[in-house]
Amino acid sequence: MTPQNLLPRALCLALGCTLAFGATAATTTAYWYQTKTPYQPQQEASTYEAAPAGFKPVFTQMLARHGSRGLSSLKYDLAVHNMWLQAQADGALTPLGAALDADVMAIMKANSLLGYGVEGISKPGYGNETQLGISEHKVLAQRMVSRLQPYWKQVANNSVAKPRQIVVVTSGVDRAVDSGHYFTEGLLAAKPGLEKLVTTPAAPGPYPDVGTPVAQPAGTDRFELYFHKLVPATDLVTHTSDPHFVTYTDSQAYQAYKGADADLLSRQAALQANPAVGAAGRVVLERLFAKAFVDKIENGTYGFANTGTYSFTSDDGKFTSTLTGDGKTKINSLASAAALLYELYSIAPAMKAEAGVNFKPYMPQDQAEVVAELNDASDFYDKGPGFTEKGSATYKMAQGLVDDFFKEADAIAAGDLSHAAKLRFAHAETVIPFASAMGLKNVLQQVPLAQTYSYASNPWRGVYVSPMAANMQWDLYRNKAGQVIVKMLYNEAETDFKAACDGAKLPGTQHFYDYQQLRACYGY
């Protein structure tokens, strides 16, 4: 296993980025929060390679995951709470275990009320961004402005008859919409004068193309930013000539793969049954509960689920949230108990302002690493690079998003400067397949069916592919001769495009690519 304090540097170098982490990123990684890791830029802006002489920025575009959030629904916390209640009834709590439920209930209450009274959040409750998530996107925008300061000044001062546009598009899901809102707030605060340039284009439509169309709000593009969950009720595309037909078809194929592929289901079951995970679960649980109680979970005498109804009221008494668990999230093994406790452990840093709890005492680092590896393996197979033999099953649906990045860059290369920036806000399920579809070095590193993903054998990590607020940005530059070059930042670290395109790098530079050669390398 790679030592914790060496993992960030080794992986960043494998990804082809320039690294200036310092101790903070290494420490954060050592806690093994993986895709729940709060966002940190992965390179100091002062170390960025300067553009070659004669080139000036003309465009930037971005895909970003939503910022740090609370739990997605009432499941992990409620199931753990029910397990704790039984341990209390049995007199099976250790001193550490006795403290657990107060923190669980603090997380449950904070999630139930999450976003209440917060500007920009219309529906409080589970799944919303936290104060940390809001800040992540505001500050990300400020760093974008700082990185391209003269460019943004020029855009803001543009007095031509047809000013350039800052195009903002989201998946349409609340936390992605909110991220776009807060990023835009940060952008406008950092560079006044851009307000009139922000635009949200009409959503693709009308869809479904058979039956009654479902209107989507302006600024929504489910085909590019929610491609993992396209459904007939809102997104059906039946005409092969429709530009979204391939994406819709690929989405259906992916969902069928995720729900019914025998190899995937078998591998996921094997991951859950790994004795190392059960052993980690026993270590975690015996610190909280008596051994006899833990034994009853292991032998099947005890099982728990997210059942029950709870109500929480805001401090001002004006808002009450009442939620009922659906019973689908279960604790029926030591591994599942450890996995649910890990979910609370990994979400707690994102909710520091709202819940104010510290879950580190309940999840020792050695056991956190074991469960983190399980989570990464699961993500690797169902939304990451996946099996070699399955080809592009897990990321083919992202091709339309790749196409759109090149379409925007093509317009700039052709002299169409109507867009100053395109900013997209989505999810881990968007960012992870997109990174694979881009073929990033040691991101698209698939595993044959005969082998199993592990930290020891594969560099893919959720903490780098898609932490909270993960982002990919392309900055385009042009000289007086009209040559366009591009540099990519991944989580704000200068990062190479796929290895096959190394020949497109501008001579004498490390991170700038001739755009025409790059697009040809990607098959355009």
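Trainee: What makes the radius of gyration of the chain agree with that of a compact globule?

Mentor: This is a predicted model, and the value is computed from it. With 524 residues, a compact globule would have a radius of gyration near 24 Å, and the chain has 24 Å, so the two agree. The C-alpha atoms fill a box of roughly 80 × 55 × 50 Å along the principal axes.

Trainee: What is the chain built from, and how much of the chain is buried?

Mentor: The chain has 19 helices and twelve strands. Buried residues make up 55% of the 524 residues. Of the contacts with a separation of 6 or more, 75% are between residues 24 or more positions apart.

Trainee: How do you know that the span of helix 5 agrees with its number of residues?

Mentor: Helix 5 covers residues 131-147, which is 17 residues. At 1.5 Å a residue the helix should span 24 Å, and its end C-alpha atoms are 24 Å apart, so the span agrees.

Trainee: Which residues of helix 5 are buried, and what covers them?

Mentor: The buried residues include Gly 133, Ile 134, His 137, Leu 140, Ala 141 and Met 144. Glu 136 and Arg 147 are also buried. Among the elements that cover the buried residues of helix 5 are strand 1 (56-65), helix 6 (149-156), helix 7 (174-190) and strand 8 (419-426).

Trainee: Why is Trp 32 called buried?

Mentor: Buried means under 20% relative accessible area. Trp 32 has 1%, so Trp 32 counts as buried. Trp 32 is in the loop between helix 2 (23-30) and strand 1.

Trainee: What is noted about phi of Trp 32?

Mentor: Phi of Trp 32 is near 65°, a positive value in a residue other than glycine. Most residues other than glycine have a negative phi.

Trainee: Where is Ala 469, and why is Ala 469 called buried?

Mentor: Ala 469 is in the loop between helix 18 (462-465) and strand 9. Its relative accessibility is 0%, which is under the cut-off of 20%, so Ala 469 counts as buried. Phi of Ala 469 is near 60°, again a positive value in a residue other than glycine.

Trainee: What makes the peptide bond from Gly 205 to Pro 206 cis?

Mentor: The bond from Gly 205 to Pro 206 has omega near 0° and is cis. A cis bond also joins Tyr 207 and Pro 208, with omega about 0°. Pro 206 is in the loop between strand 3 (198-199) and helix 8 (222-225), and Pro 208 is in the loop between strand 3 and helix 8 too. Most peptide bonds are trans.

Technical notes
Residues are numbered from 1 along each chain as its sequence is written. This is a predicted model: local features need pLDDT of at least 70, side-chain atom pairs count only at pLDDT 80 or more; totals for chains, interfaces and linings use all residues. Side-chain values use heavy atoms; hydrogens and water are left out. Helices (H or I, at least four residues) and strands (E, at least two) are DSSP runs, numbered from the N terminus. The radius of gyration is taken over C-alpha atoms; the globule rule is 2.2 Å times the number of residues to the power 0.38. Buried means under 20% relative accessible area, exposed over 50%, partly exposed in between (1.4 Å probe, protein chains only). Contact means heavy atoms within 4.5 Å. The expected span of a helix is 1.5 Å times one less than its number of residues.
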